[in-house]
Amino acid sequence: MSAALLTPSERLTLSRERLRLALRDISAPAGGGATSAHASAVGLAWLDSLKSIPAAAIVIEAVHSWWAQHPWRISSLLISEAAKTVVQPMAQRHPLGLIVGALLLGGVLVRARPWRLIFTSSLLAGLLPQLLSKAVAQLPTQSWMAALTELLRQPRQPQEPAQAAGLSPTRPDAPTR
């Protein structure tokens, strides 16, 4: 098909496709593009199957929105990109050195035990409200309304003044004569 027969929107679509393919070839390492794309597709399929569970979907969405607003997100992205640009050439030249470095880093992580910091009060204070708001947003409004009307319909039992204060006229453990 010649370029004269294409409409402007078709030419634009073809141009965008060529640009997308060119950028994918530039950003993907040689020979690893297909496997990394397959690995990310498998990872996304696993995450999608996990999101089919209602409680897990709420937690995943809350963690995702919390991390999207977290101040460390940008710095972790920058550090990961810097590490990738430094480590990838080193791994190609000295793979054994990379293994030794990974062993040392693993030893430091085991010794430091950073996973103890996961459930700190500040983390829970930031994550718990988002978890609760996502859980409330997932519930239908009619179920909330039904629960509230049921609570309002229940008649309150009148209590004697001594029972209302927590005092009872006779002690249950008192001996009988």
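Biologist: What share of the 177 residues in the chain is buried?

Modeller: In this predicted model, buried residues make up 7% of the 177 residues in the chain, where a residue is called buried if its relative accessible area is under 20%. The accessible surface of the chain comes to about 15500 Å², and 68% of that surface belongs to carbon and sulfur atoms.

Biologist: Which elements does the chain hold, and in what order do they run?

Modeller: The chain has 8 helices and 0 strands, so that the elements, read from the N terminus on, run α-α-α-α-α-α-α-α.

Biologist: Why is Gln-138 called exposed, and where does Gln-138 lie?

Modeller: Gln-138 has a relative accessible area of 55%, and the word exposed is used for values over 50%, so Gln-138 counts as exposed. Gln-138 lies in helix 6, which covers residues 121-138. The C-alpha atom of Gln-138 is separated by 7.8 Å from that of Ile-58, although these two residues are 80 residues apart along the chain.

Biologist: What makes the meeting of Arg-20 and Glu-17 a salt bridge?

Modeller: The N to O distance between the side chains of Arg-20 and Glu-17 is 2.5 Å, and a salt bridge requires a side-chain nitrogen of Lys or Arg within 4 Å of a carboxyl oxygen of Asp or Glu, so the pair meets the requirement. Side chains of opposite charge can pair when their charged atoms come close. The structure holds 1 salt bridge, and both of its residues, Arg-20 and Glu-17, lie in helix 1 (residues 8-27), 3 residues apart, about one turn of the helix.

Biologist: Why is the aromatic pair of Trp-66 and Trp-67 called tilted?

Modeller: The structure holds 1 aromatic pair, and in it Trp-66 and Trp-67 lie 6.2 Å centre to centre with 50° between the planes. Ring centres must lie within 6.5 Å to count as a pair, and planes under 30 degrees apart would be stacked while those over 60 would be edge-to-face, so this pair is put in the remaining class, tilted. Trp-67 itself is partly exposed, because its relative accessible area is 34%.

Biologist: How do you know that Val-87 can belong to a nonpolar patch on the surface?

Modeller: A patch residue needs over 30% relative accessible area, and Val-87 has 32%, so Val-87 passes that limit while counting as partly exposed. Val-86, Val-87, Met-90 and Leu-98 form the patch, with about 290 Å² of accessible area together. Helix 4 (residues 72-93) gives the largest share of the patch, 3 residues, and Val-87 is found in that helix.

Biologist: What does the side chain of Ser-65 reach, and what makes this a polar contact?

Modeller: The side chain of Ser-65, a residue of helix 3 (residues 54-69), reaches the backbone oxygen of Ala-62 at 3.0 Å, and because the limit for a polar contact is 3.5 Å, this distance lies inside it. Leaving aside its neighbours within four places in sequence, Ser-65 is also in contact with Gln-130 and Lys-134.

Key
Residues numbered from 1 in each chain as written. Predicted model: local features only at pLDDT ≥ 70, side-chain atom pairs only at ≥ 80, totals over all residues. Heavy atoms only, no water. Helix = DSSP H or I, 4+ residues; strand = E, 2+ residues; numbered from the N terminus. Buried < 20%, exposed > 50% of the residue type's maximum accessible area, 1.4 Å probe, protein only. Areas by Shrake-Rupley, 256 points an atom, 1.4 Å probe, with all protein chains shown as cover. Patch = residues over 30% accessible without salt bridge, like charges linked within 9 Å, V, L, I, M, F, W, Y side chains within 5 Å. Polar contact = N/O pair within 3.5 Å; in protein donor to acceptor, adjacent residues only side chain to side chain. Contact = heavy atoms within 4.5 Å. Phe/Tyr/Trp six-rings, centres within 6.5 Å; stacked < 30°, edge-to-face > 60°.
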